[in-house]
Amino acid sequence: MITISTYPYIPLRENPAESAEMGTQILFGEPYEVLEIKDRWAHVRTIMDNYEGYIDAKLVANLSQADIDRFTGANPITIVSAPFIKIAMNEEAPLYLPLGSRLPLDTDKAPYEFKFNNHTYTLIDKPTEYLDVISLAKQFLNTPYLWGGRTIGGIDCSGFSQTVYRAFNVFLPRNASAQAKIGTEVSDFNDIQPGDLAFFSHGESNRVTHVGICIDRQSIIHASGSVRIDTLTPEGIYNNDRKLQTHRLLCIRRPQKHIDNIVSVFQQTMPKAESELNFNNNFELLVAVMLSAQCTDKRVNMVTPALFKAYPDAESMAKATDKEILEYISSISYPNSKASHLAEMARKLMNDFKCIVPDNMDDLQSLPGVGRKTANVIMAVAFNAAAMPVDTHVYRVARRLGLSKDSHTPVETEAQLRALFPPELLSTAHHWLLLHGRYTCTARNPKCSECSLLSYCQGIN
């Protein structure tokens, strides 16, 4: 089952024992999957990091479906972007939630509160927002080093870089070795920019064991003993207190924008993304898309061969009655209204457009049964236009990946996605998001263990 952390943080241990090493922490509002509960320990896997371990079974919240939906539905999710915030919980003692905690909260609307797990949570102060990575990173100065830690109470080097960047919607893997494989390489030491990540080893090994955030070409902030600022050289980290080099520099990488990471993964895993509807021309595409509303493409493809054989063009379909068309599409959803729309669409297409499917949004939406989403699909697939159709799959995946924020309608989501993706990728991006939502990032029981985008996921919201 999937549940949500209801504590400021939960220690996730490598083995089912109090003395076992802590691998990481699950912060408030983060979803995780319970794989097994045995005796006093729960074997769990985090959704966002795909990190397995053990937590005290008493910390597993038995939440209602309504509570789960607050974090896994289409509600706005706010990520705490200050080292910690104070939040009131009914009349009980307040909680201090660390940076990275997830709240189903719309910060554009006061009061800033939400109901969850039989409590009303209210932010006492609106979280501070930091303008750049370095400003936020410096808020962690003097935080003690804690293996597996992710908070200002104790943090390790990769938890530090991950936590700071997550506040800026850049999602890094949990471990330094995995972080060193993403982003773009900075090959020239003189090209270092503030916020670049530098990766190091101890001694002569070439294995990545440490990561820090570059302040500039001369200094780095990192977690070693505590979060501190030391001198950065082409050779590594020079500890200013101990007057010696403590880490050997292996590489420097520049975290990519969230959207660039996602595009890169899709290009590698889904180089060919296209419609799964079967059609031979624009008219057949228009009919198939109209039939696909609230119906699977597989079902549509089962009925269209006979339909297209009987009515190969707008002129022949325009002469058919609703009842005659209904005989061919009775097995799909809402067959009566769709039969009526198809007949009316065909007649208007014949009378107003000489049986040619129009190539602009206004004319397409003038056709009976054609809404904005359908028109966008036609523009994208038939005319390779810079269009972004938004259906339930696209809407869900965009929210989970953090590509849309505080959007409550398909039109709002479409506008946000248009602003993110380059125009030449929009139509392809539509199919990426749709197919990912259809087969991997499903509404219920998403296949997180198979997801190539898990490192960039904001959780199942």
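Q: What volume does the largest cavity have?
A: This is a predicted model. In it, the largest cavity has a volume of about 90 Å³.

Q: Which residues lie nearest its centre?
A: C441, C448, C451, L454 and C457. The lining of the largest cavity has twelve residues.

Q: How does that lining of the largest cavity divide into nonpolar, polar and charged?
A: Eight are nonpolar, two polar and two charged.

Q: How many cavities of 30 Å³ or more are there?
A: The structure holds three. The second largest cavity comes to about 60 Å³.

Q: What lines the second largest cavity?
A: T24, Q25, E30, P31, T46, I47, M48 and D49, along with R150 and R166.

Q: Which helix gives the most to the lining of the largest pocket?
A: α15, with six residues. That helix spans 426-439.

Q: Which helices each supply at least two residues there?
A: Besides α15, they are α6 (282-291), α7 (297-310), α12 (372-383) and α13 (392-400).

Q: And how does the lining of the largest pocket divide by class?
A: Ten residues are nonpolar, nine polar and seven charged.

Methods:
Residues numbered from 1 in each chain as written. Predicted model: local features only at pLDDT ≥ 70, side-chain atom pairs only at ≥ 80, totals over all residues. Heavy atoms only, no water. Helix = DSSP H or I, 4+ residues; strand = E, 2+ residues; numbered from the N terminus. Nonpolar A, V, L, I, M, F, W, Y, C, P; charged D, E, K, R; others polar. 1 Å grid on protein atoms, 1.4 Å probe; cavity = no way out; pocket = protein on both sides within 12 Å on 5 of 7 lines; lining within 4 Å. Points joined across faces, edges and corners; volume = space filled by probe spheres on them.
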